[in-house]
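Q: Can you walk me through this one? Keep it short, please.
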Amino acid sequence: MPHFFAARLTRPRLIILAAVLAIAGLLIAVAGQTGPAHAATGRAAHASAASWTSGPKPTIVLVHGAWADSGSWNGVIWRLQRAGYTVVAPPNPLRGVSYDSDYLADFLSPTSTAITGPVVLVGHSYGGFVITNAATGNPNVKALVYVDAFIPAQGDTLGGLASAATQRPLAHSVLGEKSGPPAWTTIPSWAIIGTADHVIPPAGQLFMAQRADANITEIDAPHLSMIADPGAVASVIIQAAQATS
């Protein structure tokens, strides 16, 4: 993938830009910019919508990206809880790929008392980088779901995959940090691609999703698709949970 970052922004401008993007996503949601979901399959073995028939339902762990916070998942959380799932949305420290991934990995550790049993791990935007690294080697993580997210391979950097200057995370050091062994090589994955995303171009998302052999769902939504169309996002997460029984 080509290097896309051409502009450098000061930290004050980054913070302002982050707020603008978050507000824009909320306005789009209020305007009701939603649309039908169109699915394309990845691994056929993952695509089954079979009911969860053995063992406990998985805990759904939602990880936000650089331009959002845990509250951005509220519409999705409500729908997942109605479907009977336990949902957790921990904070993403946004201090760098290694730091953030280690933080989440500790939270998800089988020896941790925070979560027990199977997990479906969901990441939005930069959160895709975090879940890809945090889940590696964790036997409890049964599925990965990427929502308008980066899906890095080993050695990828955010600067190398991003295609808009506005996608810089708050910590500049994140841009050059290389991703480690990706969890999606051993864990089934799903990808939700908002076709109206102007932050991470849908073509780039599609490339990464196909490379990961993910089950792909395209929806008519912007970058914050979990706000604009929480029903479609929750539906794919439930499919991932059901298909990993």
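Q: What share of the chain's residues count as buried?
A: Of its 245 residues, 53% count as buried. Buried means under 20% relative accessible area, exposed means over 50%, and partly exposed lies in between (1.4 Å probe, protein chains only).

Q: Where does this model come from?
A: This is a predicted model: local features need pLDDT of at least 70, side-chain atom pairs count only at pLDDT 80 or more, and totals for chains, interfaces and linings use all residues. Residues are numbered from 1 along each chain as its sequence is written, and side-chain values use heavy atoms, with hydrogens and water left out.

Q: How many helices and strands are there?
A: The chain has 8 helices and 7 strands. Helices (H or I, at least four residues) and strands (E, at least two) are DSSP runs, numbered from the N terminus.

Q: Why is helix α4 largely enclosed?
A: In α4 (residues 127-134), 8 of the 8 residues are buried, so the rest of the structure largely encloses this helix. Among them are Phe-129, Val-130 and Ile-131.

Q: What do the buried residues of α4 pack against?
A: They pack against β2 (59-63), α3, β4 (119-124), β5 (141-147) and α5 (158-161). Contact means heavy atoms within 4.5 Å.

Q: New topic: what is the phi of Leu-94?
A: Near 60°, a positive value in a residue other than glycine. Most residues other than glycine have a negative phi.

Q: And where is Leu-94?
A: Leu-94 is in the loop between β3 (87-88) and α3 (97-108). Leu-94 is buried, at 17% relative accessibility.

Q: What about Asp-213?
A: Its phi is positive too, near 55°. Asp-213 is in the loop between α6 (202-211) and β7 (215-219). Asp-213 is partly exposed, at 34%.
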